[in-house]
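Please read them with the coordinates open.

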Amino acid sequence: MRFLNGESPIDLDFSHLVVAGWTGRDQKAIAHHIDELAALGVAPPSATPLYYRVAAATLTTAPRIEVVGPGSSGEVEPMVVQHGARRFLGLGSDHTDRVLEAHSVALSKQVCAKPCAAELWPWEEVEDRLDRLVCESWIFENGSWVAYQAGTLASIRPLAELAAGAGLNVLGVEGPVAMLCGTFGAIGGVRPARRFRMRLSDPDRNRAIGHEYETIVLPEVA
């Protein structure tokens with residue numbers, strides 16, 4: 001995969017992809033979310049945070065992805081990339097099959113592509129103000145773009161802590177590794193949409209990383 005690091009391209013052949021879940025800093029909010037999902041039949045996590053391993057090949061910068069059935073949705077997340085001794089910050093969507101999620105959270109994440117933006121920021125450029133960075137997403141609904149998620153990284157556990165918990169330095173020895181780091185609640189509730197737009201903003205530098213993708217729904221054939 002080719003990314004831009006400033007004006008310079010960087011080619012990465014990922015060896016691992018990790019999806020970190022249950023990464024909120026507010027433990028009461030996590031407990032409430034666990035109860036909400038339990039009411040929908042989703043089993044509670046065995047630990048928080050939890051690190052799901054998914055196929056590295058699911059990470060993509062493509063403008064469209066294909067899914068089976070209409071019951072999937074995206075969610076904006078900061079993305080940490082470890083490449084040897086270097087670390088970068090990017091932006092991704094943990095697109096998830098919500099129907100399958102009631103059966104297995106791990107499988108619901110594995111079966112969907114993980115769209116990401118084609119730009120990375122060097123870690124050293126943002127590590128002193130990560131909590132001030134803003135993640136937002138929008139869905140195209142009823143003919144217009146609607147705000148879907150918004151928050152700062154202060155709502156998510158420190159990214160360096162998550163990277164250590166996932167063992168990114170160890171995994172990175174085998175090749176570049178990426179990790180999606182968790183997200184915020186959906187405005188108006190989690191729901192599918194054919195088009196998803198997301199952005200990571202750095203207000204201090206007046207810059208942003210963005211990506212938009214379309215979901216192509218394949219028929220469910222029994």
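The points below cover the basis of the model, its largest pocket, its cysteines and one serine.

1. Basis. This is a predicted model, in which local features need pLDDT of at least 70 and side-chain atom pairs count only at pLDDT 80 or more, while totals for chains, interfaces and linings use all residues. Residues are numbered from 1 along each chain as its sequence is written, and side-chain values use heavy atoms, with hydrogens and water left out.

2. Largest pocket. The largest pocket holds about 910 Å³ of space. Its lining has 37 residues, and His 33, Leu 37, Thr 183, Phe 184 and Gly 185 are the closest to its centre. A pocket here is an open set of points on a 1 Å grid over the protein atoms alone, where a 1.4 Å probe fits, with protein on both sides within 12 Å along at least five of seven lines; lining residues have an atom within 4 Å of a point. The volume is the space filled by probe spheres set on the points, which are joined across faces, edges and corners.

3. Lining by element and class. Two or more lining residues come from each of strand S3 (16-21), helix H1 (27-39), helix H2 (98-101), helix H3 (105-110) and strand S14 (144-152). H1 gives the most, 6 residues. Helices (H or I, at least four residues) and strands (E, at least two) are DSSP runs numbered from the N terminus. By class, the lining of the largest pocket has 16 nonpolar, 12 polar and 9 charged residues, where Ala, Val, Leu, Ile, Met, Phe, Trp, Tyr, Cys and Pro count as nonpolar, Asp, Glu, Lys and Arg as charged, and the others, Gly among them, as polar.

4. Cys 112. Cys 112 sits in the loop between H3 and strand S11 (114-115). With a relative accessible area of 3%, Cys 112 is buried (under 20%; exposed is over 50%, partly exposed in between; 1.4 Å probe, protein chains only). Beyond neighbours within four places in sequence, the contacts of Cys 112 (heavy atoms within 4.5 Å) are Thr 58, Val 67, Ser 72, His 95, Thr 96 and Asp 97.

5. Disulfides. How many disulfides does the structure hold? There are 0, a disulfide being a pair of cysteine sulfur atoms within 2.5 Å. The sulfur of Cys 116 lies 13 Å from the closest cysteine sulfur, in Cys 181, and is therefore too far for a bond. Cys 135 is in no disulfide either, its nearest cysteine sulfur, that of Cys 181, being 9.3 Å away. Cys 116 is buried at 0%, and Cys 135 is buried at 0%.

6. Ser 201. Ser 201 belongs to strand S16 (residues 195-202) and counts as buried at 14% relative accessibility. Leaving aside neighbours within four places in sequence, its contacts include Trp 121, Leu 133 and Arg 207.
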